[in-house]
Amino acid sequence: MHWWSSLVTISRDGLRIQRAFAAPSAIARAVLSVLLATVLGLVLDDPVAGAMASVGAFICGIGTLLSPLRHPVVNALGMAAAFSAMAVLGALVHGTTWLFLLVLAVAAFATGLWRTMGIAPGIRGCLAVIGLMITADLAPDVHGGLVIAGWIAVGTGLVVVVQLLPPYGPRFAAQRRALAVLYQSLAEASVAAGSAGLGGAAPFTAARQALDLLPQLSRPAAAAMFGLLGEAERIRRALHTVRLTVAAAGNQEALAAAAHVLGDISRTVASGREHRTPEEAWTLLESWTAVSPARGPRDLAARLRTAEQLARRSTDDRLGDVLEPHTEVPGLYAGTPSVARTARRFRAQLHPQSPIFRHAVRLAVGVVLAEVIGRSIGGWGGLGISTHGFWVALTTMLVLFPEYGHTLARGWGRAAGAVLGGLFAWVLSLPNWTPVGLAVVAVVLAAASFVTLRTGQLMLNLWLTTWIVFLIHHVGGLPGPTAWARAADTVVGAAIAVFIFLVWPTWSTQRVPGLLAEWLRVQDRLLPELLTGYADVGATDPAAVDALRARSRQVREHLEAAVEQSHAEPAEHRGPWSSVQLEQIRTQVSTVAGCATLLGEHLPRTPQDTVPELTELVDPLHEHLTALARASAGAETVAPGALRSVFDSFTARSGLLAETPDGFGSATTSRAVLLSIATVDAVEALTATIASRHRRGRHAAA
């Protein structure tokens, strides 16, 4: 994509308004906390106290609405502690410019690294740093800053208190949401054309991450939900098997019934209340399994029954205590200490080629530069607040993302929203508001910001700018045109963020080869492990396979995201493959992953099911995948057809071709041979696309 086309596409994305909202109950709690802070200011007849408590409640409330994976009280406590502590730190460094800038750089760098935990944790880290800037930049002096920090802490405390109010909802709400999304994705994939929908890794990764956050003491009570994740793995494999081994004729109605069952499981898990599937759906599934000679439909129906029972048991926490850990996810259930897991993830990012490390450096440099430029600008001729760079630095921090497309889209949408919000705030500043009227309008504007939080930067910043400028105008006695200074600061901050990213960019196009090589290295361990499992019953290590599958999904999710982000970049010439080739790679990676899924699904269960001859493929497949990983990263090219030649020689020598459906072998041996053929075909197709790179020998930069 050329630069101009890229800018047009991204600008359009930045102005897009999405229909995405947080849970109504969560929004109501956030609005209630701001309302309580505003009422507190009215009761005390202290506008500053009310405004700063409202700011604390508002920022902390946003933190509770951002894709919570932990309990709302835990999220609120963490956000309140971080925001309040940073506000106190900002007050202590107030007046010492060099010290403030140093602390700001360190805090911004740490926030950038925190992005490795996910988008929502990264944004929460940015919100916490805002507390540092508020008191260090806007307070009149150290004492005044500590007073402001105290009222901010009161506001954050109100958010925590509000989270303790009923209704409470089902236990493990975040985990339920993730599992509900997973089962809904399976329902949609079961009736979709082809098997592409079954290859989606994101819902499985999100569910694993949500369950992995549970404390060890809570896991016995959540055993049913761990079981639901394990059954989801088995259901996906069963759907793969059905599509591969069962004729398409007559499947549509049965798969629609399966989708109905999966949808009801999703609703049961999400709500904590049982949603029964009509008996007609089960009758249709049973009729289908009765007339099908293949094992796939029977396995699918049995696993749907098991998943439905687990979903029903998950509605009662006490029943979960008597369940055994699910054998499909043994490593996940055992878990690892969260501190060690987090430290390991951070250590993995501490190198210059890591996109998260680059993001952290950009954030530290960009925020400090924006603060200095903001202070140098002054007050826009008396319209703004002079001698501070708060708005400029805040915008730069919230616009800068690790990816090109997100950074430019957020910059454009945030700037446009700030201009529109400035206009609206100026209109609202014209009347002479009473204290009660001011409080009512401020709460309504805060509520609008909460509602539009996930709809896009344009709508969010329209209401956010209006609320902030309206609040500061009436509390600080600033003139109405302050709204335009706020908008101008936002435009400058967004421009700085884009400039900093382009000076030291991270192109997703160039990250694809490294991610593909990493995924192939995981397959280099997983596929040989699965083939070895055909030598004897129980020859594979379930925990090792589970860990490799989880790692494969994580890397594939990053790979798919990088491919998606690369389409908006004006840097196609920098990568080894075109956009069309990247889409081919994404599809072929999904196909190879599906083959691995089926190989694992049909591992021998009895000595009669073993196919020890397949172990001869382990070494050739290992060598091919190792060389393919090097070729993906820019090393020597692997010629297509090499693995196929080895496989053909092997099958001719071993006589396994006679075991295919056209031959006279057993059904289990025939299926194993077909799966190995499909795996070789998938790997060869991926090899051909990788070998077609149009800039051979060029190493990919992260």
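**View 1. Helix 23 against helix 25.** In this predicted model, Val512, Leu516, Trp519, Gln523, Leu526, Leu527, Leu530 and Leu531 of helix 23 meet Leu582, Ile585, Val589, Val592, Ala593, Ala596, Leu599 and Gly600 of helix 25, where contact means heavy atoms within 4.5 Å and helices are DSSP runs (H or I, at least four residues) numbered from the N terminus. Helix 23 (residues 508-532) and helix 25 (residues 579-601) pack at an angle of about 20 degrees, with their axes 10 Å apart; the axes are lines fitted to C-alpha atoms over the stretch in contact, and angles run from 0 to 180 degrees between N-to-C directions. Helix 23 is therefore roughly parallel to helix 25, a term for angles under 35 degrees.

**View 2. Helix 2 against helix 7.** Helix 2 (residues 24-44) and helix 7 (residues 142-163) pack at an angle of about 135 degrees, their axes being 9 Å apart.

**View 3. Surroundings of Phe58.** Leaving aside residues up to four places away in sequence, Phe58 touches Val34, Ala446, Ser449, Phe450, Leu464 and Trp467.

**Notes.** Residues are numbered from 1 along each chain as its sequence is written. Local features need pLDDT of at least 70, side-chain atom pairs count only at pLDDT 80 or more, and totals for chains, interfaces and linings use all residues, while side-chain values use heavy atoms, with hydrogens and water left out.

Key. Helices (H or I, at least four residues) and strands (E, at least two) are DSSP runs, numbered from the N terminus. Angles under 35 degrees count as roughly parallel, over 145 as roughly antiparallel, 65 to 115 as roughly perpendicular and the rest as oblique.
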